[in-house]
Amino acid sequence: MCAAPKVIFARIPQGQMARVLCELGSGRAYGFGLSKKTKVPLAGIYVVLSRLEERGFIVGKTELKSRKGRVIPRRYYRLTPVGRVICEALLAVRNSKIPVV
C-alpha cells in the first residue's frame, strides 16, 4: 500500500512578514539590514525571519565576516523557490487594481 504524499498548506504572509519577504526578492540580506529597510522593529525582525524560515519561504545561512580585526557571525537570508512564487504573487496583487477578498 502506498502512503499518500504529505501536503502542507502555508498561510500567505501579510503585514510585516510580507514586507520582509518581498524585500528579500531583490537578493540576500541580513536581519539588521532588513529591519532598517522594512521598518520592522529590530526586536521583531528575527521573529518574522524565523516564521518565514519555518514555513519554507526563506533559508538562512550564517557567514563569518571580519570587521576591524574581529570576526562577526552574520546570518544572511534568501528566498526559496516557494518564497519567490509567494513574493511575486504578493507584488502582483499589490500592483493590481483588483480588490482582494
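**Figure 1. Arg 75 and its salt bridge to Glu 53 in the predicted model.** Arg 75 counts as partly exposed at 33% relative accessibility (buried is under 20% relative accessible area, exposed over 50%, partly exposed in between; 1.4 Å probe, protein chains only). Its side chain meets that of Glu 53 in a salt bridge, at 3.1 Å from N to O (a side-chain nitrogen of Lys or Arg within 4 Å of a carboxyl oxygen of Asp or Glu). Because Arg 75 lies in strand E3 and Glu 53 in helix H3 (residues 42-54), the pair ties together parts that are 22 residues apart in sequence. Helices (H or I, at least four residues) and strands (E, at least two) are DSSP runs, numbered from the N terminus. Glu 53 is also partly exposed, with a relative accessibility of 27%.

The model is predicted: local features need pLDDT of at least 70, side-chain atom pairs count only at pLDDT 80 or more, and totals for chains, interfaces and linings use all residues. Residues are numbered from 1 along each chain as its sequence is written, and side-chain values use heavy atoms, with hydrogens and water left out.

**Figure 2. The salt-bridge network of Arg 28, Glu 63 and Lys 65.** A search of the whole structure gives 4 salt bridges. In the one between Arg 28 and Glu 63, the closest N and O atoms are 2.7 Å apart. Arg 28 sits in the loop between helix H1 (16-23) and E1, and Glu 63 in strand E2 (residues 58-67), so that distant parts of the chain, 35 residues apart, are linked. Glu 63 also bridges to Lys 65, with 3.7 Å between the closest N and O atoms. Arg 28 has 44% relative accessibility and counts as partly exposed; Lys 65, at 31%, is partly exposed.

**Figure 3. The aromatic pair of Tyr 30 and Tyr 76.** The structure holds 1 aromatic pair. Tyr 30 and Tyr 76 are arranged edge-to-face, 5.8 Å centre to centre, with 75° between the planes. Rings of Phe, Tyr and Trp (its six-membered ring) pair if their centres lie within 6.5 Å; planes under 30 degrees apart count as stacked, over 60 as edge-to-face and the rest as tilted. Tyr 30 lies in strand E1 (residues 29-30) and Tyr 76 in strand E3 (residues 70-79), so the pair joins parts 46 residues apart in sequence. Tyr 30 is partly exposed at 24% relative accessibility, whereas Tyr 76 is buried at 12%.

**Figure 4. Arginines over the two tyrosine rings.** Arg 28 lies over the face of Tyr 76, 3.9 Å from the ring centre. Arg 74 lies over the face of Tyr 30, at 4.0 Å from the ring centre. A charge sits over a ring if NZ of Lys or CZ of Arg is within 6 Å of the ring centre and within 35 degrees of the ring normal.

**Figure 5. The largest nonpolar core.** This core has 18 residues, and those with the most contacts inside it include Val 20, Leu 21, Leu 49 and Ile 58. H1, H3, E3 and helix H4 (81-95) each give two or more residues to the core. A nonpolar core is a set of buried Ala, Val, Leu, Ile, Met, Phe, Trp, Tyr and Cys residues joined through side-chain atoms within 4.5 Å.
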